[in-house]
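Subject: Structure handover

Dear colleague,

The structure you asked about follows. My notes on what was found in it come after.

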Amino acid sequence: MRTNRQDHSFLVSFIRLFLPLALLFGLVIFLGYWYSTKTALTIIKEQEKSTVRVYAEHLHWDVSSVLSDLEFLTTQSDLKAYLSGNLSKAAELEKTYLSLSKAKGIYDQVRFLDHTGMERIRVNYNNGNPVIVPQAKLQNKAGRYYFDDSFSLKRGEIFVSPLDLNMENGEIERPLKPMLRFGAPVFDINSNKQGIVLLNYLASSMLNSIEHLAPQALGNAMLLNADGYWLRAKHIADEWGFMYPDKKQLRFQERFPAEWKVITAIERGQILTDNGLVTFSIVKPMARSRHPATNHEKYYPPSTNVRDSEQYHWRAVSLVTPKVLAEQSKTERVTLTSIFVAILVVLAVFSALTVRSRVARNEAEVALQDKNEVLSSEVNRRKRTASEEQALSTLLFLALEPTNLKEFLRQSIDALLNSVNWINLLPRGGIFLTEEKGAGQVLEMVANHNLDPRLDTLCSHVPYGTCLCGRAAASGEVQFADCVDERHEISFDGMPSHGHYNIPITYEDNVIGVVVIYLPHGYKRSEDDIAFLERSADVLSLGIIRRYAAEFLEVEKNRVEEAYEQLRLSQESLNRFKTTLDQTIDCIFMFDPETLKFFYLNQGAINQVGYSREELMEMTPLDIKPEYTEDSFREMIAPMLNGSEISATFETVHRHKDGTIIPVDIFLQYVAPTGEQPRFVAIVRDIAEKKTQEAQLRHLQKMESIGQLAAGIAHEINTPAQYVADNTRFLKESFDELEGVVDIYGRLLEAARNGEALDELIAEVDSAVEKADLGYIAEETPKAVEEALDGLQKIAIIVSAMKEFSHPGTENKEPVDINSLIENIILVSRNEWKYVADIEKDLDATLPLVPGIRDKLSQAFLNLIVNAAHAIEEQEKIESSEMGVIRVSTREVGENIEVRISDTGPGVPEAIQKRIFDPFFTTKDVGKGTGQGLAIAYSAIVDKHKGSLTLEQKEGGGATFIISLPKN
């Protein structure tokens with residue numbers, strides 16, 4: 001019976017011990033599985049968020065890089081010089097575009113198109129071997145959407161096309177070439193819009209960058225446009241649906257309607273649906289830019305939909321399917337189930353052995369424990385207290401020692417680990433200090449004792465909130481772990497299991513560092529341990545702050561000494577700079593943008609206007625610029641104040657104190673240094689001598705033209721004058737004959753009155769009439785008179801045309817009849833072209849009057865017609881062909897008047913096309929040209945009338961000069 005009772009007691013005790021343990025571990029396993037699954041899902045969510053965010057940032061960075069390149073190209077000094085007439089800069093621009101294409105490797109084309117849409121410079125990527133496209137192969141892109149939209153923009157605005165596939169000859173190019181086009185208008189130094197710079201960006205690398213940015217991502221990365229079409233998808237067949245008529249239905253909202261409603265309702269987020277985990281973010285590649293973007297609903301038709309930078313967007317989406325999510329938790333579930341079964345077996349054995357030995361052991365232990373418990377506790381308490389005080393004294397001594405910060409912390413961690421023998425520590429630990437890095441705070445490991453070398457790198461900088469030490473820093477509270485658990489985000493393969501005390505080091509409620517103490521695996525948390533370690537952290541805080549203060553004082557001392565030295569050097573530099581400015585030939589004026597009062601002038605400025613420095617310091621630019629009022633002057637400087645322009649260059653006049661007017665050339669720039677007063681800086685140069693030389697040169701050129709035409713005009717007048725003289729001589733001779741006949745008729749009349757015999761006189765009359773040939777005289781006299789009058793009229797027309805051409809005119813613009821002007825030029829230059837070419841005219845009779853300087857326009861048209869005649873003459877010398885043709889036409893083109901002068905000559909060789917408008921450049925033999933004809937024509941059209949003069953080369957020879965003059 002006793003045995004049965006013992007067996008029953010054993011079974012009951014076994015069940016009482018085993019079941020709670022089994023239930024406890026079962027609950028732990030279940031909670032572990034639940035937590036692990038939840039953690040895994042959380043990690044997947046955060047990973048997918050990070051993937052989408054990184055992809056979106058990369059897309060924006062790619063676009064920002066292109067915008068930076070475009071801004072660089074549109075603000076080049078070489079481009080401004082080229083647009084302002086220095087055509088020699090084209091070669092430099094071609095080199096720049098070629099270098100950019102080679103260096104970046106992302107642009108299919110880099111182009112500059114002029115205001116007519118004509119490509120002037122183009123570099124093709126050419127499958128990785130960029131080339132400059134020859135001039136003969138450049139095309140006119142007027143009417144293309146990207147040209148019209150880009151050219152219509154204002155300064156500082158940028159055109160961005162939709163992200164689509166490149167089209168060639170109306171077909172999608174194969175292999176597929178995703179493309180973005182970026183365009184911006186460009187202006188010359190006079191702020192005249194002269195064309196656009198266009199970049200064709202190859203977007204393939206941008207779209208596929210997700211594989212390189214987040215290779216560990218579980219989701220299918222997608223990029224959608226604003227209408228829901230796939231720009232990048234898991235299956236290539238789903239992409240670019242809007243480009244194919246049979247794929248218009250392939251949109252995200254058709255396949256995932258519920259998800260689409262959420263995605264379009266908010267900018268970024270994450271949802272878990274029956275289709276899986278959907279992570280999304282709107283991508284606004286232009287959102288950090290001030291440029292608007294133009295978006296097309298279709299390809300190539302003109303754009304009618306302009307969106308600002310906030311409206312231009314794509315959507316980055318990641319989809320983790322339910323199958324992938326399930327696979328992530330399957331392994332965890334199998335592992336935990338196996339562990340639970342093994343634990344049950346171990347618990348059963350453990351419970352049986354424990355119950356069997358418990359009864360006998362308990363009786364012996366209870367008695368011994370009662371005797372020793374009180375004594376042991378008191379002894380341990382006193383020993384620990386003494387040891388703690390000794391350890392704290394050692395730390396305090398180190399804190400007061402005159403060592404540097406790193407040495408103090410190294411000695412402190414060594415002392416702490418070596419002197420604390422009442423806590424079962426592992427001989428490893430470290431001290432971290434807080435430092436600011438970027439937008440957040442991190443812990444920098446400054447000292448360690450006996451740590452694995454791999455941790456030197458892994459734990460060199462730990463972000464707040466990461467790992468146990470980062471959590472201690474972020475919360476300001478002690479963090480404890482008895483093993484390596486999920487809070488150890490930083491670890492390495494084979495890292496031994498251990499526990500941790502992580503004690504924050506604080507100063508005035510701010511965490512300035514963390515002490516990390518390693519513990520054996522399974523160590524139990526002790527409040528006594530924590531109390532001692534917190535006191536140790538306070539002593540460390542004292543030593544750290546003491547050294548921080550010393551370093552701060554030393555830095556401040558050095559900073560003050562450096563600031564004083566910089567001030568001294570700046571003063572010396574300023575004195576040298578002022579001496580240099582005072583000795584320069586050019587005049588330098590600086591004035592305040594608000595009051596306009598001068599606050600600095602060099603000696604050259606004082607010498608130029610004759611006022612003393614004291615007088616000028618009370619004056620403004622308006623006091624020496626008679627051509628400006630305050631309103632007009634402020635209007636002129638406004639673009640620089642609002643940032644739309646960097647500087648301005650213009651000609652005006654200054655008024656000397658004695659009233660003398662001085663022509664000057666001014667470079668004006670707005671300067672706003674950080675931390676200093678904004679100012680305008682004007683560099684002024686006296687151009688009186690330059691103006692005199694220009695006037696002399698224009699006079700010489702006109703005299704040269706008149707001299708060249710004089711002989712021809714004399715010949716033109718000589719021909720009609722010759723037949724006027726011949727017909728007048730005929731009339732004189734006829735008059736002499738008629739005078740003889742009239743005399744005989746008079747004598748016959750007198751004889752008849754006197755009744756004398758008439759037969760003899762009648763015979764004499766017949767003889768005189770026959771001799772005079774009165775019939776011939778009667779027939780030819782009207783013709784002679786008509787021919788003489790016609791000749792006189794031709795002489796009058798030539799004289800009138802020459803008078804009109806040689807009229808000195810004025811420098812002021814007046815309404816000019818372009819057709820009449822051209823007719824006169826053709827007439828006075830006839831002797832230059834009549835032997836080599838015929839003139840064909842196509843003049844628009846409805847052409848309105850154009851504001852212009854008659855003298856300048858006459859000289860320009862004459863130089864171009866004579867230049868065409870000389871070109872045809874050279875062609876005939878080579879080929880001995882028949883007469884050439886010079887065609888002159890006029891027409892209205894929008895807000896401009898266009899004049900075309902073309903010839904059938906040999907054309908302009910490509911090698912010299914960029915130089916033909918340069919002063920003194922000529923291909924004629926020595927003595928046959930000054931090289932000023934085309935240069936003066938260019939200056940008259942472009943500089944004086946704000947028009948354009950361009951060369952259009954024809955296939956098979958011949959050249960056409962196109963003059964465009966604004967109607968207003």
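A contact here means heavy atoms within 4.5 Å. This is a predicted model, in which local features need pLDDT of at least 70 and side-chain atom pairs count only at pLDDT 80 or more, while totals for chains, interfaces and linings use all residues. Residues are numbered from 1 along each chain as its sequence is written, and side-chain values use heavy atoms, with hydrogens and water left out.

Overall figures

The protein chain has 23 helices and 34 strands; helices (H or I, at least four residues) and strands (E, at least two) are DSSP runs, numbered from the N terminus. Of its 968 residues, 42% count as buried, where buried means under 20% relative accessible area, exposed over 50%, and partly exposed in between (1.4 Å probe, protein chains only). Among the contacts with a separation of 6 or more, 61% are between residues 24 or more positions apart. The chain exposes about 52,500 Å², and carbon and sulfur atoms supply 55% of that area. Accessible areas come from the Shrake-Rupley method with a 1.4 Å probe; for residues, only the protein chains shown count as cover.

I413

I413 belongs to helix α10, residues 405-419. With a relative accessible area of 0%, I413 is buried. Neighbours within four places in sequence aside, I413 is in contact with G429, G430, I431, A447, N448, H449 and I517. L540 is 127 residues from I413 in sequence, and the C-alpha atoms of the two are 9.7 Å apart.

Strands count as paired if DSSP finds at least two bridges between them. For angles, axes are lines fitted to C-alpha atoms, for helices over the stretch in contact, and the values run from 0 to 180 degrees between N-to-C directions.

Strand β13 pairs with β16 (residues 314-320) in the antiparallel sense over 7 bridges, and W314 in β16 is the bridge partner of V283. S281 is in β13, which spans residues 276-283. Is S281 buried or exposed? S281 is buried, because its relative accessible area is 10%. Apart from neighbours within four places in sequence, S281 is in contact with V52, E267, R268, W314, R315 and A316.

The sheet with β26

Another open sheet of 5 strands has antiparallel pairing and the order β24-β23-β27-β26-β25. β24 and β25 (647-655) are the edge strands, each pairing on one side only. The twist averages 25 degrees from one strand to the next.

β25 and β26 (residues 661-671) pair in the antiparallel sense over 9 bridges, with T649 opposite F667 in β26. Between β23 (residues 587-591) and β24 (residues 598-601) there are 3 bridges, again antiparallel; M590 has Y600 in β24 as its bridge partner. The hairpin of these two strands has 6 residues between them, and L596 in that hairpin takes a positive phi near 70 degrees. Helix α16 (residues 630-641) lies across β23, β25, β26 and β27 (679-686), and runs at about 30 degrees to β26.

Backbone points to check

Most residues other than glycine have a negative phi, and most peptide bonds are trans.

- R174 and P175 are joined by a cis peptide bond with omega about -10 degrees. P175 is in the loop between β7 (171-172) and β8 (178-187).
- N450 has a positive phi, near 65 degrees. N450 is in the loop between β18 (440-449) and α11 (453-458).
- K946 has a positive phi, near 55 degrees. The loop between α23 (933-943) and β33 (948-953) holds K946, which counts as partly exposed at 48% relative accessibility.

Surface patch

L11, I15 and L19 make a nonpolar surface patch of about 250 Å². Patches are made of residues with over 30% relative accessible area and no salt bridge; like charges are joined within 9 Å, and nonpolar side chains (Val, Leu, Ile, Met, Phe, Trp, Tyr) within 5 Å. A salt bridge is a side-chain nitrogen of Lys or Arg within 4 Å of a carboxyl oxygen of Asp or Glu. I15 is in helix α1, residues 2-74, and counts as partly exposed at 37% relative accessibility.

Regards
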